[in-house]
Amino acid sequence: MHPPGEAAWPESLRPLYEEVASTPATEAVEASARWSTSFADWVRGASLEERTLAQLAAWERLARGERGLGELLFLVGSCSELLWPYAAPPAGLLERLLSRQGAMLEILRGTGEPEVAARVLRESEAALSTVLTRYLKRHPDSLLSLVGNVPCTYDGHALRFLDSVEVDLKRVMASGNKAIGMLEQLRMLLPATAEAGRDKLADYIRTRASRIPWQEASEVLAERLFALATSPDGRGAMRGFLACYPNGRKEPEWCARAGVLLARTLEVGGSPAVVENLCELLGRFDAPPVDGLRGALGALVGSDFDTLTDLGPVRFVLDHCQANLRKGEPGLVLTQVWLEERLFRASVRKGLSDAFERRKRMRAKLEPMATGFAHLCWLAEECADLWPKLGSENRPGLDELAAWRDEVAERIARKPMPRKAAIEFFLWCAPDAASSEAELVVLSLTRTETDRRQVRRLKDHPSSRVRLRVRTLQRWFQGATGKDGAKALPPTGAVAPASLTDALRHLHVTRAVPLSGRTWLRDRDLEELLFGAVSRVEADFSARYPERFREDTVELVDSLLEALSGELGRVKADLFSLLAQGQPPPLDFELTVRRVAERVVEAPKPSRRGRGRAPAVPVATEVGPVGVLDLSTSWAPVVESVMAEDESARSGDEALSMEDEVSRLLEAEALSRVEASDETSLAEVNEGPSDGLAAVGESVPAADARGPREVEAVVESASSMVIATPAADGVVDGGSQVDAPAAEPSAAAETAHAEVDGGSQVDASAAEPSAAAEPAPAEPLPPLVAPTGTSASEARLPDEDPSARSRRGRGRRGSSDRVPDSRTSGTEVAFMMNAEVDGFVDTERAVLVQVVKLEQRGEGQWLPHFRLGREMVDGLLSRTDSAYCLFLVPPIPRAECWMLPARLVRDLMDAQRSLTTVSRDSVARAARSLSQWWMGDFVNLWTGDERTAFLEHVSPESPNAPDFVVRCSFHSGARTPRP
């Protein structure tokens with residue numbers, strides 16, 4: 001039985017180990033050969049589970065407890081087979097094995113057998129080397145854990161521990177990116193390496209590191225380097241790291257990352273030791289193209305000294321930069337003077353007693369490094385005083401800033417070295433609020449070709465702010481000289497500016513470059529102004545949407561459009577203030593928002609029962625372009641009598657609708673064509689019929705050949721044909737049925753007879769064989785909901801002549817005969833674009849937008865879908881193909897509103913088999929922001945319906961006008977009113 005608390009040997013190996021443990025020390029050496037043979041037989045037949053149990057049991061007995069000579073001979077001599085690297089190695093493995101080996105050799109030497117001890121020593125050293133090599137090949141990151149505190153040396157070929165255990169590095173070193181882990185272990189082993197082999201080991205690490213592709217190794221090495229740099233006690237290891245990987249000193253990303261970490265550490269008040277580590281690290285980035293000194297100063301350029309609780313780390317960084325300052329760098333001198341001035345002011349506000357003494361001492365050290373030092377100190381003080389005001393309410397006016405720029409140019413631009421220092425200083429240190437002023441100052445300081453070359457060289461500056469501003473200045477310089485080197489023609493005052501940049505050229509010392517736009521506006525600055533205005537309104541609305549989503553959609557849209565109108569108005573006002581005195585804008589724009597009043601349903605008209613009949617009036621009805629049917633004066637009372645007698649069989653509102661419609665149609669035709677007519681009018685109708693009324697008139701030989709009842713039949717049939725819909729072949733009203741005339745060749749001359757009683761039936765005369773077989777009914781009002789298989793370009797809102805539109809019923813709001821609106825909910829917005837640019841663009845178009853908002857089903861839980869009826873989408877598409885849906889959403893993930901074509905929304909609903917909702921994720925994947933749609937589609941004229949009928953339909957005066965009408969106009973020169 002094995003002792004309690006120790007791992008048990010596998011059953012197949014337990015008898016052998018019990019025999020080993022029971023053998024006396026005097027017989028252990030002779031029996032070791034027999035044990036080795038038996039153990040080798042067991043190894044050949046052992047399973048993986050048995051070997052794992054044997055490994056655990058062997059390590060338990062090597063780690064602790066007193067062992068006899070037999071056990072030590074078996075455990076140490078067989079460790080190469082007992083300790084396989086199936087798992088991570090135990091800590092201190094080599095140290096424990098060497099300890100057991102020493103105890104075993106001491107016992108053997110005590111028995112007086114030196115030859116046996118020497119043989120056992122050689123065998124055990126080979127076994128230990130095998131174990132260590134196997135573990136390092138499988139686990140290269142465990143070298144330090146394996147060897148512990150065992151001293152070692154390196155002879156250029158192998159590592160030697162206690163001059164006995166060898167590890168051949170060629171056998172354990174991996175290739176490519178996998179070798180980084182082993183190299184890092186060797187680098188951390190350098191302090192424990194003997195001095196004679198330390199340099200050789202460092203050379204080996206550098207040589208192997210140079211063979212690794214740097215792109216593969218740089219990312220892994222960067223993580224290890226900055227883990228050391230951000231550790232308070234990692235400065236020594238950081239130095240060794242850079243010594244082993246010299247290519248890292250040329251890595252721009254490492255330098256930039258060190259600068260960012262330094263700025264962040266100063267901002268949060270990190271450990272002073274970490275600040276010192278990062279400063280030393282930045283000081284080692286001194287090989288082109290990186291510049292660690294500018295990286296360290298850049299960490300202070302964007303810092304706010306007033307918010308720091310301790311200015312000690314800032315002083316340390318400035319002292320470090322001053323100690324490493326190079327000659328011939330006036331820009332760095334001016335930057336450090338400005339930083340010292342800011343530090344001085346912050347120290348005074350915090351009440352530090354040595355603020356004045358430090359400023360005096362630092363200026364004395366920096367004065368020999370730059371010429372014109374007095375002017376540099378003046379500029380540093382001016383900028384430290386002016387730049388904070390540009391972002392506050394006390395911002396100086398345009399005239400004050402212009403005067404300040406002139407004074408800077410007069411003082412600094414006299415000598416080359418101060419100009420060189422000021423150019424880099426303004427491009428680097430000016431905050432974002434003073435960006436325009438800095439660029440204008442640099443333009444005034446750039447006097448010679450040498451200055452322009454310096455600006456071009458700053459494109460490689462480590463600060464992204466400098467690189468961005470240099471690219472802007474380069475565009476201006478190219479416009480001043482031309483890409484081919486030719487001098488550009490000076491602008492003349494007689495020529496109107498073609499772009500916003502040209503219009504604002506008086507703000508620049510040199511001529512600005514006309515930037516070509518991305519749209520038909522051909523003005524990049526104007527496009528950026530419009531896009532920025534819409535983006536700001538959209539982002540602000542989306543950010544406040546979680547607080548306002550419970551409001552009605554109409555109110556949300558109203559606030560969005562009003563904010564958009566106000567923002568564009570402010571942009572326009574600011575733009576006009578920047579233009580020269582009396583200078584017209586190159587392209588004027590205007591945005592108006594009109595909210596259509598709520599539709600008020602009119603009260604039904606009182607019944608006409610018992611009223612007297614209206615006096616007879618002459619009526620002339622237009623039936624075509626070539627003929628007029630003249631109805632005598634006595635026919636109007638006949639129509640009144642027919643309507644009155646038929647009223648008893650109708651229900652109240654339906655009868656009134658029918659009567660109002662007939663009266664309105666007859667009165668409209670009478671007003672449109674009031675002229676004398678005689679008996680020859682019917683002859684002209686017979687000669688050239690053009691519609692259904694002419695076909696009826698063709699069957700009448702003469703007006704005086706008819707009786708009163710025949711005239712009533714003609715009027716009744718004519719009125720029914722005017723107001724009938726395509727489905728009016730049957731019953732029109734309750735109790736009144738109209739039959740279309742039948743085409744019978746044999747009854748060409750029959751006279752029509754009619755009965756006017758309630759429920760009477762009116763038969764028209766049969767047409768002649770040459771006449772049309774069926775009369776063509778008048779064209780109905782376009783439906784608001786079209787079949788899904790019908791294209792929007794078909795007869796929804798067709799362009800037609802005014803006479804055809806006049807025959808349609810001019811329905812009043814609230815009248816029962818209006819075609820009902822398809823919208824049952826939601827808010828509609830019509831965006832109308834009017835562009836009049838002389839000789840280039842002249843168009844007017846409109847876009848219809850349905851607004852949908854996202855709602856919550858719980859506190860903070862937004863619905864996964866938008867509630868949108870399929871009939872609403874179909875209603876949009878039935879009126880125009882230029883239909884979109886605007887989805888109002890909170891900032892998920894960006895603060896924006898989503899725009900999607902209505903046809904795509906319908907396709908998404910079809911794909912989801914939904915009639916009432918559309919998925920939020922589907923809309924988010926397919927949509928674009930409102931600002932992008934505004935500039936990319938709407939303003940860029942990629943969308944819009946130009947049909948006259950549709951423009952009238954969405955106008956505010958239309959009965960079916962949308963809830964909001966947004967009119968955006970662009971024009972140049974004198975505006976010409978549209979006919």
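Reader: Why is Thr 371 called partly exposed?
Author: Its relative accessible area is 47%. Buried means under 20% and exposed means over 50%, so at 47% Thr 371 falls in between and counts as partly exposed. Keep in mind that this is a predicted model.

Reader: Where is Thr 371 found?
Author: Thr 371 is in the loop between helix H19 (355–366) and helix H20 (373–390). The C-alpha atoms of Thr 371 and Pro 418 are separated by 7.2 Å, with the two residues 47 apart along the chain.

Reader: OK, on to rings. What makes the pair of Tyr 545 and Phe 549 tilted?
Author: There are 28 aromatic pairs in the structure, and this is one of them: the centres are 6.4 Å apart, with 45° between the planes. Ring centres have to lie within 6.5 Å to pair, and planes under 30 degrees apart count as stacked, over 60 as edge-to-face and the rest as tilted. So 6.4 Å makes Tyr 545 and Phe 549 a pair, and 45° makes that pair tilted.

Reader: How do you know whether Tyr 545 is buried or exposed?
Author: Tyr 545 has 1% relative accessibility, and the cut-off for buried is under 20%, so Tyr 545 counts as buried. Phe 549, at 7%, counts as buried too.

Reader: Why is the pair of Phe 589 and Phe 970 called tilted?
Author: Their ring centres are 6.4 Å apart and their planes stand at 40°, so the pair is tilted. This pair links distant parts of the chain: Phe 589 is in strand E4 (residues 588–595) and Phe 970 is in strand E19 (residues 964–971), 381 residues apart. Both Phe 589 and Phe 970 are buried.

Reader: What is the strand order in the open sheet of 7 strands?
Author: The order is E4-E19-E10-E11-E15-E16-E18, and the pairing is mixed.

Reader: Why do E4 and strand E18 (928–929) stand at the edges?
Author: E4 and E18 each have a single partner strand, so one side of each is left without a neighbour in the sheet.

Reader: How do you know that strand E15 (residues 883–888) and strand E16 (residues 898–901) pair?
Author: Count the bridges: E15 and E16 have 4, in the antiparallel sense. Pairing takes at least two bridges, so 4 is enough for E15 and E16 to pair. Cys 885 stands opposite Leu 900 in E16.

Reader: How many bridges join strand E2 (residues 158–161) to E3?
Author: 4 bridges join E2 to E3, and the two strands run antiparallel. Phe 161 has Val 165 in E3 as its bridge partner. The hairpin of E2 and E3 has 3 residues between the strands, and Leu 162 takes a positive phi near 55° there. Strand E3 (residues 165–168) also has a covered face, with Val 165 and Val 167, and an uncovered one, with Glu 166 and Asp 168.

Reader: And the helices? At what angle do helix H15 (residues 272–283) and helix H17 (residues 312–323) pack?
Author: H15 and H17 pack at about 20°, and their axes are 10 Å apart. H15 passes H17 in a right-handed crossing.

Reader: Last one: how do you know that the charged end of Arg 134 sits over the ring of Trp 84?
Author: The charged end of Arg 134 is 3.9 Å from the centre of that ring, and the distance cut-off is within 6 Å. The charged end of Arg 359 also sits over a ring, that of Phe 344, 3.9 Å from its centre.

Conventions:
Residues are numbered from 1 along each chain as its sequence is written. This is a predicted model: local features need pLDDT of at least 70, side-chain atom pairs count only at pLDDT 80 or more; totals for chains, interfaces and linings use all residues. Side-chain values use heavy atoms; hydrogens and water are left out. Buried means under 20% relative accessible area, exposed over 50%, partly exposed in between (1.4 Å probe, protein chains only). Rings of Phe, Tyr and Trp (its six-membered ring) pair if their centres lie within 6.5 Å; planes under 30 degrees apart count as stacked, over 60 as edge-to-face and the rest as tilted. A charge sits over a ring if NZ of Lys or CZ of Arg is within 6 Å of the ring centre and within 35 degrees of the ring normal. Axes are lines fitted to C-alpha atoms, for helices over the stretch in contact, and angles run from 0 to 180 degrees between N-to-C directions. A crossing is left-handed if the near helix is turned anticlockwise from the far one by less than a right angle, and right-handed if clockwise.
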